[in-house]
Every structure is written in C-alpha cells, then in structure tokens.
Amino acid sequence: MLIDPYVKLANAIIIQAAKDYRNARKKLKKNRKNEEAKLMVEDLERFFRSDYFAALSDLDGQALLTKLEEEWLP
C-alpha cells in the first residue's frame with residue numbers, strides 16, 4: 001500500500017516537532033535559563049495545540065504533548 005506523499009510530509013513534520021521538543025526540554029534540564037530552549041518549547045507547545053497541527057493529522061495534539069511532557073516527570 002502506497003502512502004500519500006502529503007501524509008508522509010505531515011508525519012515527518014510532526015515527528016520532527018516531537019524530536020525538537022525533546023531536545024529543547026533536554027537543554028532546559030541542563031540549564032533552566034536557556035532562553036532559546038524556552039522559546040522553542042513554547043513554540044512547539046503552541047504548534048501541538050494549533051489548527052495547523054489538526055490540519056496535518058487526526059492525532060490529538062494535546063494528548064501527544066501530554067505524552068511528551070510525561071517523559072520529563074520524575
């Protein structure tokens with residue numbers, strides 16, 4: 001079964017956003033004052049809650065964000 005190239009692109013965008021979120025959170029764990037990482041986390045949180053995310057996928061962006069946040073809980 002072939003996957004539509006637009007679906008592949010949408011999936012790649014979401015996967016990259018998740019990777020970027022994890023990397024930014026990792027940087028914040030090392031240095032809570034890292035402004036660049038703070039801005040990245042804020043931007044990505046907005047993305048996961050956005051209409052753009054909803055247009056890209058049938059996934060629940062808030063649920064995905066919650067799962068990503070849970071990775072950082074002790």
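In this predicted model, the contact between helices H1 and H2, where contact means heavy atoms within 4.5 Å, brings together Ile13, Ile14, Ala17, Ala18, Asp20, Tyr21, Ala24, Arg25, Lys27 and Leu28 of H1 and Ala37, Lys38, Met40, Val41, Leu44, Glu45, Phe47 and Phe48 of H2. By class, these residues divide into 13 nonpolar, no polar and 5 charged, with Ala, Val, Leu, Ile, Met, Phe, Trp, Tyr, Cys and Pro counted as nonpolar, Asp, Glu, Lys and Arg as charged, and the others, Gly among them, as polar. The two helices pack at an angle of about 145 degrees, with their axes 9 Å apart, and H1 passes H2 in a left-handed crossing. Residues are numbered from 1 along each chain as its sequence is written, and side-chain values use heavy atoms, with hydrogens and water left out. Local features need pLDDT of at least 70, side-chain atom pairs count only at pLDDT 80 or more, and totals for chains, interfaces and linings use all residues.

Helix H1 (residues 5-30) also packs against helix H4 (residues 61-70), at an angle of about 35 degrees and with the axes 11 Å apart; this crossing is right-handed. On the H1 side the contact is made by Ile14, Ala18, Tyr21, Arg22 and Arg25, and on the H4 side by Leu64, Leu65, Leu68 and Glu69, which amounts to 6 nonpolar, no polar and 3 charged residues.

When residues up to four places away in sequence are not counted, Phe48 touches Ala17, Ala18, Tyr21, Phe53, Gly61, Gln62, Leu64, Leu65 and Leu68.

Two further residues were examined individually. Ser57, in the loop between helix H3 (51-56) and H4, has a relative accessible area of 12% and is therefore buried, the limits being under 20% for buried, over 50% for exposed and partly exposed in between, with a 1.4 Å probe and protein chains only. The side chain of Ser57 reaches the backbone nitrogen of Leu59 at 2.9 Å. Arg46, by contrast, is found in helix H2 and counts as exposed because its relative accessibility is 52%. Arg46 and Gln62 are 16 residues apart in sequence, with a C-alpha to C-alpha distance of 9.7 Å.

Terms used:
Axes fitted to C-alpha atoms, helices over the stretch in contact; angles between N-to-C directions. Helix = DSSP H or I, 4+ residues; strand = E, 2+ residues; numbered from the N terminus. Left-handed = near helix turned anticlockwise from the far one by under 90°. Polar contact = N/O pair within 3.5 Å; in protein donor to acceptor, adjacent residues only side chain to side chain.
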